Amino acid sequence: MAAIVVIVCSIFGILMVWLSVRANARFQHDQTLPLQWLISRSQPLSKTVIRSGPRVFVLGFVPGLAICTLVVIAIGATALTPRPGQGGMLLPSVLFIGGIFVAVYVLHLWLIGQTLRQNRG
């Protein structure tokens, strides 16, 4: 079971890096990218950018956080013994956590694209 968890964690890590490389090619003409937006009740997806950062940092932050989290999970899966009856919960948990990381990162990349498109046009 631990080997499957390590493989799944590796697949999610590779997917995050692949998304980041694609986004870097897509946003290659911009030196800074939006990192954080203003949240308001009147406009849930506000156009006001609160923080921006260098392209490499913005595109590497979420994948870096995801990879660190998945490495800790993979180490825990190989080094720790689950309690009786909880061994079957590990793989669904890894799939859920990895899926959330990918979904949030895809949303972040979409928001970056929308913001840059609005600023240009």
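On the H1 side the list includes Val5, Cys9, Phe12, Met16 and Val17, and on the H2 side it includes Leu59, Pro63, Ile67, Leu70 and Ala74. Helices here are DSSP runs (H or I, at least four residues), and strands are E runs of at least two, numbered from the N terminus. Keep in mind that this is a predicted model, where local features need pLDDT of at least 70, side-chain atom pairs count only at pLDDT 80 or more, and totals for chains, interfaces and linings use all residues. Residues are numbered from 1 along each chain as its sequence is written, and side-chain values use heavy atoms, with hydrogens and water left out.

How do the two helices line up? The axes of H1 and H2 come within 9 Å and cross at roughly 175°; axes are lines fitted to C-alpha atoms, for helices over the stretch in contact, with angles from 0 to 180 degrees between N-to-C directions. H1 and H2 are therefore roughly antiparallel, a label for angles over 145 degrees.

Now for the outside. Val17, Val21, Ile67, Val71 and Ile75 make up a nonpolar surface patch with about 400 Å² of accessible area together. Helix H1 (2-26) and helix H2 (55-79) each give two or more residues to the patch, and H2 has the largest share, with 3 residues. Patch members have over 30% relative accessible area and no salt bridge, and nonpolar side chains are joined within 5 Å, like charges within 9 Å. A salt bridge puts a Lys or Arg side-chain nitrogen within 4 Å of an Asp or Glu carboxyl oxygen. Areas come from the Shrake-Rupley method with a 1.4 Å probe, and for residues only the protein chains shown count as cover.

How values were computed:
Parallel < 35°, antiparallel > 145°, perpendicular 65-115°, else oblique. Contact = heavy atoms within 4.5 Å.
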